[in-house]
Amino acid sequence: MQRIAVVTSGGDAPGMNACIRAIYRAGKFYGVEVYGIRRGYAGMIEGDFYKIERHDVGNIIHQGGTILGTSRSREFMTPEGRQKAADMLLEHEIDGLILIGGDGSFRGGNLLSCETGIPIIAIPGTIDNDIPGTDFSIGFDTAVNIALESIDRIRDTAISHGRLFFVEVMGHTSSFIALEAGIAGGAAQLVLHDGHEEIEELCNQLESLFRMGKHHAIVVIAEGDQPGCSFGISKKVSQRIQMESRVCVLGHTQRGGSPTARDRVLAAKLGISAVSALIEGQNGVMVGELMREIAYHPINDVVGKIRDPDPRITALSKILTGY
Ligand code: F6P
């Protein structure tokens, strides 16, 4: 293994830069050249590669986003697109690839590895935290803390006006951010899209809270597969309980900003472990962290298998809300 490449793909996540830096440094440590691929799979197909130098990864540890850029490439989802990408990897004499991304990116990377035999190690990097085989993915902790900061700010104005607020958080179909930010932010209710979304039940809970003397409330909503869904929910609830409400969709603010210490350390551990995995000859595996131990799983076993939050945490949230 003389030359490896790193690519970031799909939605960016805070901590990706810390991971790229760790990969570069591990490369130096083990005597392996590290190339960066710009703009995700789109850049891989176009051969947008460069040798990462020390100055490229200087002063990026605290930056959100990804210095490599990213994309959601449709072309890479076709066999022809992946063949072009494989040709480019060959042309640049890349012996192994490290992929940082989420489930969609893993799917493409796995196909590339199976079809061409190019050794690939995947690193979970998504704010959604919905990847099996790791307790946390890079970016999740930062996203939760950003959502929490916003919820705390909204609480100030909610109290001042005596208002009902609906705060919608990202996560696509997974509810990890909603659950953790909702618990930490003291949400009155959570809407998690876990199959138990009952507007009538939500209205009853809120009515009972207001009857008990509460004069403001924050409901945290997981966006699900319909970002902006909280507008419809707030309208229905306001009409039904005859109370004015406001909606705040946090959206992409949750993906930006400086990564937390937890995300930076996770990024460092996973980046270094990915480089040593390639050097040891591993292929087609995802490196994650389970119970503070580095864990490797075949990408095949994690791809398409979206992880749900621990039911014990969901149960706990039910105890904390509604009183
Ligand atoms: O996968 C990360 C994520 O931020 C999801 O939580 C969200 O639904 C989606 O990406 C948004 O994607 P885009 O940036 O392409 O609008």
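**Ligand site and domains of a predicted model**

Visitor: How many residues of domain 1 are in contact with how many residues of domain 2?

Guide: This is a predicted model, in which local features need pLDDT of at least 70, side-chain atom pairs count only at pLDDT 80 or more, and totals for chains, interfaces and linings use all residues. Residues are numbered from 1 along each chain as its sequence is written, and side-chain values use heavy atoms, with hydrogens and water left out. The domains are 3–139 + 259–301 for domain 1 and 142–256 for domain 2, with bounds from an automatic or database domain assignment. With contact meaning heavy atoms within 4.5 Å, 13 residues of domain 1 touch 13 residues of domain 2.

Visitor: Which residue has a polar side-chain atom 3.0 Å from an oxygen atom of the ligand?

Guide: A polar contact is a pair of N or O atoms within 3.5 Å. Gly171 uses a polar backbone atom, 2.9 Å from a ligand oxygen, and His172 also uses a polar backbone atom, at 3.4 Å. The residue with the polar side-chain atom at 3.0 Å is Arg72.

Technical notes. A polar contact is a pair of N or O atoms within 3.5 Å; within protein, one must be able to donate a hydrogen and the other to accept it, and residues adjacent in sequence count only if both atoms are side-chain atoms.
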